[in-house]
Every structure is written in structure tokens, then in C-alpha cells.
Amino acid sequence: MSDPHEIVVIGAGAAGATTAESLRRQGYDGRLTLVGAEPHLPYDRPPLSKQILTGRWEPDRVRLRAPEVYERLAIDLRLGSPVTGLDRTGRTVHLADGTRLHTDAVVVATGVRPRRLPRTDHPGRSEPPAGVHVLRTLDDALALREALRAGPRMVVAGAGLLGTEAAVAARALGADVTLVSSAPVPLLGLLGPQAAGLVAATHRDLGLRVHQGRVTAVRAARDTVTGVQLADGGVLPADVVLVATGSVPNTEWLHGSGVPVGDGVVCDVLCAAEPGVWAAGDVANRPDPRTRRRRRLEHRTHATEQAMAVARNILAGGAARPFAPLRSFWTDQHDLKIQVFGDLTGTDRCHILQGTPSERQFTAVYYAGERVLGAVAVNMPREALRLRVAVESGELPTTDHPADPTPAGATEG
């Protein structure tokens, strides 16, 4: 593809905003448009389930950049009008307000939306009853914060990073919270048994109840939630329900465009889906050279790294480089700041490098055989960068070291 003179970035979250900013900072001087479905200036999502939900931060604090930054970088912001289609032949992006944007290159950064649960009173009705919430946007977080003011009975359906963080925040606001987890120990596969065990103990200390099971539907009466239906036939009563059972990539608007779609936008190791079409962030489905399988990653760090790589590759032409980062993410669980590097799936043992889980402060490395797959830092942010570099380089001891007594696949109560 020849050097683009007009680029449209679709999606104004962290991936989209970082792509646009990186294009400018890497020397692109053509026309640059950033399209966002929400009316808000681009903002950061991780604080929504923590600082925004608890009320410690107000909305302005999560903005990624001040308005004048976009003006200075000559980024044309088109906010509050979702994208509806892409005509690759005519090189045109269609918006819901009727606008047609001409473009030489498109970056798809439309992200994901929360999965919804059916309702038992009206199985075919798509809109949720009053009291049922999701947590993806700033408006979602503010609405849930308001609903939690009265200290209601709350059920969180789904015990991933989002569900557990929101449950901790809701408990801090005085809600009576039950967290429904498909696993006996939430976050075990993501964090490893040592960190997951600490999280479980923290949840118990906070008065969070963890119910092992799976929510299949929302129960309601007169369009107001009354609880949730479980797969085993049980019912949990609730005044407020947060659905955190996964996400769906926002790709419907690409129907008929010729851009390959399958659990996101299917792209190559350069993050290119088709000539002139790139993908970044939660929506991008790419081959991972480290694991040798396709994957989408919904992590904030990954979105930023991929956005910068996409900007670089758009401008690099034939010198584009594969995007092959080390997976990394973090979670805040009450007083625990947990940082993970690599992938703990398939690990069979663990070595504690510093500290101990009993001190609620440690670093640990996880192995499959003699191969380092990942590492975890708990309440040791200064050591985290060094740990990440070590995992990437593989310069960690793999033999003749004391093993932690808990195998990496075990669970702790």
C-alpha cells in the first residue's frame, strides 16, 4: 500500500486514541480522524470498576488526554456517532449520522460489548429489567454507582477480573454482595494459586460471598430484577445484578465489507486484516507467536502496545514488524495490586523469588517443566518491571531452586 494521506481510526477507547496519537508522534502528517460511538472524550476503562464505581474519582479524571491535545495533534474527533459500515472499494467509512469519511487506511478499534443474560419473565425480550447492569462504559459505571448507594443485595454474575473488582468496590460501598464463580477459587487460572488464594482470603475478610455455579438467566417481576437463575436450578435473590459473563466483539458493522471476522477482526502478525485495514485492542484476533494460537486479549496494557505497533506498521510499509508482546495485565483487589506477565495456563510449578504470600507481598515465577511461562508480582510494583524483562529474556533460574510447596495447578481456600 502507498503512503496513506487519510486515515480513519474507528473506536475512541485506549487502543483507538493511542493509535491516533502514535501516528502523529511517529511523523504522520496527513488527515487523521478518530471516530467514537460515545459522546465522551476518550477515557480509560480500568478505573471504572474501581475508582469511578466507589466514587473516589469523578469522570473528568479518567480522560486519556485533555481536549487541547487532540487539537494540537490535528486529530479530527467525531464523537457520539457510531460507525455503521465500511466500503473498502470506495474507501469510505459510514457513520450513523449519515457522514461519509473517505480514507486510505482504516484502523478498527471498536472493542467489545458485554454479553447479556436472558430473563425468565420474558425470554425473548432483549432489554434488561430495572436493576440489571453491565460495566463497560463510563455511563454504565455511573449508573451502577447510583444503584449501589442504598446498600442493596447484589449478585455479580461472573468472577473474572471485572466481576471481582466490581464486587470489591460494591462491598466497599456497603452492598451485600454475592459473587457467582464457575471455579471454586476465582481467578485461579489467571493469577496462579498463590495470588488467587490471597484474593479469595481478601474477599472473605471483606464479607464477600462466593457461590460456585453459573448464572443462566435474570429473574424479574414487573420489569424489575428479583434475582438470578442458576444452572443447577437454584435461585439467588438480588436487588441489583451485575452481568460480567464475558464480551462480544463489535464487528457487525463490517458485514459485507470483505474484512475477515471470527471472534473479532482476524488479522495477521502485523495486525493487518486486509490491505489498508488494521485492527487494534480488544477486537483484534491475531496469531500469537509465543503460544502459537490465535487469541484476543482484553487487557489495557496490550491495547496500548498493539496500538503503537499498528501505527508503526501503517507507516513502515515493507519494513513492518510482527507484533509479539509478552502478555501482561494487572488487577487491584482491595489492598492487593497484582501484576501478571506471560501466561500461567499449563504451568506445573512455582518458585517464589521474593517475599511470601503470607506477607501479602511477593514475586513468583511459573514453569512448565524447565520453561518459564510467566510471573506474578503482588504488592511489589518496583520489582514488576524487572520481573517482566526477566520473563521476556528467559534469564531466570530454571534448575536447582527451591520449589514452592503448592503445585501451580492446585487450589487454596
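Mentor: Begin with pairing: two strands pair if DSSP finds at least two bridges between them. The model here is predicted. In this model, three strands form an open sheet in the order 13-14-15, with antiparallel pairing.

Trainee: Which strands stand at the edges of that sheet?

Mentor: Strand 13 (215-221) and strand 15 (235-237) do; each has a single partner strand, so one side of each is left without a neighbour in the sheet. Neighbouring strands of this sheet are turned by 30° against each other on average, with direction ignored.

Trainee: How many bridges join strand 13 to strand 14?

Mentor: Six bridges join strand 13 to strand 14 (residues 224-230), and the two run antiparallel. As for individual residues, A217 stands opposite Q229 in strand 14.

Trainee: What is the strand order in the open sheet with mixed pairing?

Mentor: That sheet has three strands in the order 18-21-22.

Trainee: What describes two packed helices?

Mentor: The angle between their axes and the distance between the axes. Here helix 1 (residues 14-25) and helix 7 (residues 300-316) pack at an angle of about 35°, and their axes are 8 Å apart. The crossing of helix 1 past helix 7 is right-handed.

Trainee: Which residues of helix 1 and helix 7 meet?

Mentor: From helix 1, A14, A15, T18, T19, S22 and L23 take part. They meet R300, A303, T304, A307, M308, V310, A311, I314 and L315 in helix 7. By class, the residues of this contact between helix 1 and helix 7 divide into 10 nonpolar, four polar and one charged.

Trainee: Now the voids. How many cavities of 30 Å³ or more does a search of the whole structure find?

Mentor: The search finds one. About 60 Å³ of space lies in the largest cavity. Its lining consists of R116, L117, P118, R119, R125, S126, E127, P128, P129, V132 and V218. Six of the lining residues of the largest cavity are nonpolar, one is polar and four are charged.

Trainee: What is the volume of the second largest pocket?

Mentor: It is about 400 Å³. Of the 19 residues that line the second largest pocket, R290, D343, R371, V372 and L373 are the closest to its centre. Strand 22 (293-295), strand 27 (371-378) and helix 8 (381-393) are the elements that give two or more residues to this lining.

Trainee: How do the residues of the lining of the second largest pocket divide by class?

Mentor: The lining of the second largest pocket has five nonpolar, six polar and eight charged residues.

Methods:
Residues are numbered from 1 along each chain as its sequence is written. This is a predicted model: local features need pLDDT of at least 70, side-chain atom pairs count only at pLDDT 80 or more; totals for chains, interfaces and linings use all residues. Side-chain values use heavy atoms; hydrogens and water are left out. On a 1 Å grid over the protein atoms alone, a cavity is a set of points where a 1.4 Å probe fits but cannot get out, and a pocket is an open set with protein on both sides within 12 Å along at least five of seven lines; lining residues have an atom within 4 Å of a point. Grid points are joined across faces, edges and corners, and a volume is the space filled by probe spheres set on the points. Ala, Val, Leu, Ile, Met, Phe, Trp, Tyr, Cys and Pro count as nonpolar, Asp, Glu, Lys and Arg as charged, and the others, Gly among them, as polar. Axes are lines fitted to C-alpha atoms, for helices over the stretch in contact, and angles run from 0 to 180 degrees between N-to-C directions. Helices (H or I, at least four residues) and strands (E, at least two) are DSSP runs, numbered from the N terminus. A crossing is left-handed if the near helix is turned anticlockwise from the far one by less than a right angle, and right-handed if clockwise. Contact means heavy atoms within 4.5 Å.
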